[in-house]
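The following exercises are to be worked through in order, with the sequence and the model at hand. Each task is followed by a solution in steps.

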Amino acid sequence: MTVIKVCLGSSCYVRGNDRALEFLEEYIQKNKQDVSIELVGCRCRNLCQNGPNIYIDEKKYSYANQDELIKILEAI
């Protein structure tokens, strides 16, 4: 199972993770029915200067826009 954690700390949230969370939910629902993915929010890990941060199987991705997220998700 792939675990995607979206930082929902205030800094990452206002820097775009509110929209990233919605995008990930929709993309996974439409495109990844055959893959086991758990999408969850996580608390701040004090890496705000690099935010917004998303973790996929504990690998950190910073500043990811929708195009980059699609590339990452297609590799899963």
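**Exercise 1. A salt bridge and its network**

Which side chain meets that of Glu58 in a salt bridge, with 2.8 Å from N to O?

Solution. The model is a predicted one, in which local features need pLDDT of at least 70 and side-chain atom pairs count only at pLDDT 80 or more, while totals for chains, interfaces and linings use all residues. Residues are numbered from 1 along each chain as its sequence is written, and side-chain values use heavy atoms, with hydrogens and water left out.

Step 1. A salt bridge requires a side-chain nitrogen of Lys or Arg within 4 Å of a carboxyl oxygen of Asp or Glu. The partner of Glu58 at 2.8 Å is Lys5.

Step 2. Glu58 belongs to the loop between β3 and β4 (59-62), whereas Lys5 belongs to strand β1, so this pair ties together parts that are 53 residues apart in sequence. Helices (H or I, at least four residues) and strands (E, at least two) are DSSP runs, numbered from the N terminus.

Step 3. Glu58 also forms a salt bridge with Arg45, whose closest N and O atoms are 3.1 Å apart. Because Arg45 is in the loop between β2 and β3 and Glu58 in the loop between β3 and β4, this pair ties together parts 13 residues apart in sequence.

Step 4. Through shared partners, Lys5, Arg45 and Glu58 are joined into one network of salt bridges.

Step 5. The structure holds three salt bridges. One of them links Asp18 and Arg19, with the closest N and O atoms 3.5 Å apart.

**Exercise 2. Accessibility of the charged residues**

Solution. Step 1. The classes rest on relative accessible area: buried is under 20%, exposed is over 50%, and partly exposed lies in between (1.4 Å probe, protein chains only).

Step 1. Lys5 has 22% relative accessibility and therefore counts as partly exposed. Asp18, at 24%, is likewise partly exposed.

Step 2. Arg19 has a relative accessible area of 51% and is therefore exposed. Arg45, at 31%, is partly exposed.

**Exercise 3. The surroundings of Arg45**

Which residues are in contact with Arg45, leaving aside its neighbours within four places in sequence?

Solution. Step 1. Contact means heavy atoms within 4.5 Å. By this criterion Arg45 is in contact with Lys5, Tyr55 and Glu58.

Step 1. Arg45 is placed in the loop between β2 (37-42) and β3 (53-56). The C-alpha atoms of Arg45 and Lys32 are separated by 28 Å, although these residues are 13 apart along the chain.

**Exercise 4. The overall fold**

How many helices and strands does the protein chain contain?

Solution. Step 1. The chain has two helices and four strands, which follow one another in the pattern β-α-β-β-β-α.

Step 1. The radius of gyration, taken over C-alpha atoms, is to be compared with the globule rule, 2.2 Å times the number of residues to the power 0.38. The chain has a radius of 11 Å, close to the 11 Å that the rule gives for 76 residues, so it is as compact as a globular protein of that length.

Step 2. Along its principal axes, the C-alpha trace spans about 35 × 20 × 15 Å. Of the 76 residues, 36% count as buried.

**Exercise 5. The interior**

Solution. Step 1. A nonpolar core is a set of buried Ala, Val, Leu, Ile, Met, Phe, Trp, Tyr and Cys residues joined through side-chain atoms within 4.5 Å. The largest one has 14 residues, and those with the most contacts inside it are Ile4, Leu24, Ile54, Ile56, Leu69 and Leu73.

Step 1. The elements in question are β1, α1, β3 and α2 (66-74). The largest share, five residues, comes from α1.

Step 2. Not counting residues up to four places away in sequence, Ile56 touches Thr2, Val3, Ile4, Tyr61, Ile72 and Ile76.

Step 3. Asn53 is found in strand β3 and is buried, with a relative accessible area of 1%. Beyond four places in sequence, the residues that Asn53 touches include Val6, Cys7, Cys12 and Asn17.
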